[in-house]
Amino acid sequence: MGILSEAIKRILERPATRKYPKEKPKIPEGFRGRIEWNPETCIFCMLCAINCPTNAITINKEKKEWSIDIGKCIFCGRCHDVCPTKPKSVSNSKKYELAEYEKEKFRLKFRKSERGG
Amino acid sequence: MIDFVVYTLIFPGFASAFFAGFIYYGILRKVTAHMQHRIGPPVWQPFLDFVKLLAKENITPDDSTGFVMTLCPIVSFASLMTVLVFIPFNGYALVSFSGSILIVIYLLVMASAFIAIAGFATGNPFGKIGSVRELTQLIAYEFPFIVSLLTIGFLTNFKVSPFVALQFPFAFVAFVAGMQGKFSLPPFHIPEAEQEIVAGPFTEYSGPRLAMFELAKAASFWVLISLGSVMFMGASNIFAFFINSFVLLFAVMVMRAVFARLRIQQAFRLYWFVIAPLAIIDFVRVLTGLYW
Amino acid sequence: MNEFYIPFGPQHPALIEPVHIKLKVDGEKIVDSELVLGYNHKGIEKSFENRWWAKGMYLSERVCGICGHYHTSCFAQGVENLLDLEIPERAKYIRVIIGEIERIHSHMLALGIVAYELGLDTLFHYIFRDRELAMETQELLTGNRVHFVMNVIGGVRKDIETKYFNLVEKNMERLDNRLHEYLKIFKTDTAIRKRITHIGYLSRRKAKELTPVGPNIRASGIKYDVRESGYLVYDNLGFKAVTGEGGDVLERCVVRIKECLESVRLIEDALVKIPKGEISKSVPLLLKIPEGRETVSRVEAPRGELIYYLKSAGDKPYRVKIRTPTYQTFTIINEILRGYEIPDVPVIIASLDPCLSCTDRLTIVDLNTERERVVSGDDIRRRETL
């Protein structure tokens, strides 16, 4: 009886599940989390905005503004793939806890300042 | 008098049934969770559920009879509580007379039958199917269950009193199977099969009424396991009583973990053609004196 | 005769997907059944038509959460057909590896659900725990647990790094052991066998007539598997289709487990044989395909044969038609339900491994006249007609 023997064996073992918010999972390399923008290298070529499948990225060339709607983003990483700069100015980070109470907070806006920060 | 009050309200009466019943249920859930290789709820989770349900609203659907819906869990709980009067804990029962086993059997049937009535009272089709299944299952497990109790009864003058049923393993098996049926736990969780009929009789139940049913369920854990540990495993003092109780509880857990749900016909056949003959073997042995 | 209808779904604890099956029952026995779809229409086929080819890839992945990689593979394969593009060998291998891992986790999900419908929560939890091995492997290789976005038109997006090969092989070995264990449990456990042998029986003749796809037809003894045709690199890997004999719920489960074992073998084989080289051919970001070109592309998804029909309208598709495997499999639902009893319904349905998210079609029922009609694309565009 396969199930019985395994059930008895598991009683004193450490469970396979984890208490998530207390115990964070291990994030592998190459995980596709929240999109991050590096103002240092960005040339405002609009490629990421045009190629975004859900139109989550919007760019204002004059104001040198780059904004993303996390609510629309599907974390596909296409903006990273098409980015022509080196090093890439748009990339996936490892951030994955993105829940917010208000929709407004999903609309992230970044601006390239004169000092480049 | 003080004796009576302590017995009915504290141990083994209401307070014990409340706490121990819920703790038993909590342990059952926790250990089963570990058997399933997951963490599971904390042991006091049934308490939290109970308190939460008390704070919720009672919903009475249009088709249902609100009065009966309220009455059923109370009667079910009350009849289980009454059984406690006859069980000797620490070698002493409040009411003890020859023939008390028959009353115990009757009260235990009451507890299950009122669950079935509750299902009919809700007017929900799932509730009705659940109630039919509950009654069918009652007919199935009640016979071997009664035979197993009477087997012991013949030797204890039909009184609920400590008895070591080592010579009657089949009667014990029939008792445990009947107990599992009364708890509606696998493989006999047919009346409450959530994949088939949502929650069976409890489908329309909510709020304090459901809390009362939870309480009745917890009480049934306390009562039936106590009954088993006294009548079949001979617990004459508190220490032995709890050891026996946990052994029984563990048996319930293992069955819960490893069995798939039977179909109602299969359960019926299992009770009548496998477990009942086993129980009858021991019954006949008692009648003919063929035991040592 | 005391016949009456009872509903199964669209909200039902047994199957957490919006399908509605009207069961005509006589007591507990099922006399007839009628399938009602239309609770989950997403309008994806229509949405393809105003997206560029490259963006359509991401949409096709959203047809289904469990077999998303197969949808993109099928779509990409179709677009590559239209372009007459041959993708690099390494990309083919990567597509196969990711796809087969996805097949394992999809089949294990189906097995877990069957165990859950049987009221055997323990087995359900064990299977889902071991399914996590496949999920972790996917996350490791692709960067996400679902929606891998591994395919792009012309190849794959991301290479599989050699340093992960050991880990993948180790996971596959553990999965192999566990799957053999489950095969034993399903074949020998009396409590399970009592519930699922000779239930939901589909004879070989009926299977040929009604043509379900995937494991459901293979369990009835008909060898029908698109992978046999050797698309991608399945012929290099020596793929052998698994078939069963019984045609009942048990046999469908057993076929799924055996397919998982075959997948494990394929992955291990592919990791050895995978050649070095580039992973994708470069295609222009804004892809243009001559108007009017059309193609049909098919792959073997976990649930069976998946077909995409594509017609080009320049930089966007003119029409995308998706034939999902579950849609085809639902032809047998009346056949396998009739004659069995209410407690068997959840198990039988779960054994088909239905995926409603892929399947649902929109039908409008006019409540006044009870006339049904299927809504065309133009109607959706002109909202006022609805």
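Which residues does T156(B) touch, not counting residues up to four places away in sequence?

Reply: T156(B) touches I101(B), S161(B) and F163(B); contact means heavy atoms within 4.5 Å. This is a predicted model, where local features need pLDDT of at least 70, side-chain atom pairs count only at pLDDT 80 or more, and totals for chains, interfaces and linings use all residues. Residues are numbered from 1 along each chain as its sequence is written, chains are lettered from A and ligands numbered from 1 in written order, and side-chain values use heavy atoms, without hydrogens and water.

T156(B) sits in the loop between α6 (125–155) and α7 (169–183) of chain B. Helices are DSSP runs (H or I, at least four residues), as are strands (E, at least two), numbered from the N terminus. T156(B) is buried, at 10% relative accessible area. Buried means under 20%, exposed over 50%, partly exposed in between (1.4 Å probe, protein chains only).

The axes of α7(B) and α10(B) (residues 238–258) come within 11 Å and cross at roughly 65 degrees. Axes are lines fitted to C-alpha atoms over the stretch in contact, with angles from 0 to 180 degrees between N-to-C directions. The crossing is right-handed: the near helix is turned clockwise from the far one by less than a right angle. From α7(B) come F172(B), V176(B), M179(B), Q180(B) and F183(B); they meet L248(B), V252(B), M255(B) and R256(B) of α10(B). By class, that is seven nonpolar, one polar and one charged residues. Ala, Val, Leu, Ile, Met, Phe, Trp, Tyr, Cys and Pro count as nonpolar, Asp, Glu, Lys and Arg as charged, and the others, Gly among them, as polar.

Now the core. In soluble globular proteins, nonpolar side chains tend to be buried together. The largest nonpolar core here has 219 residues, and L123(C), F186(C) and Y308(C) have the most contacts inside it. Such a core is a set of buried Ala, Val, Leu, Ile, Met, Phe, Trp, Tyr and Cys residues joined through side-chain atoms within 4.5 Å. Its largest share, 15 residues, comes from α9 (residues 207–231) of chain B. A second, separate core of 19 residues includes C42(A) and I59(A).

Back to Y308(C). Leaving aside neighbours within four places in sequence, its contacts include F48(C), S60(C), H71(C), F75(C) and I322(C).
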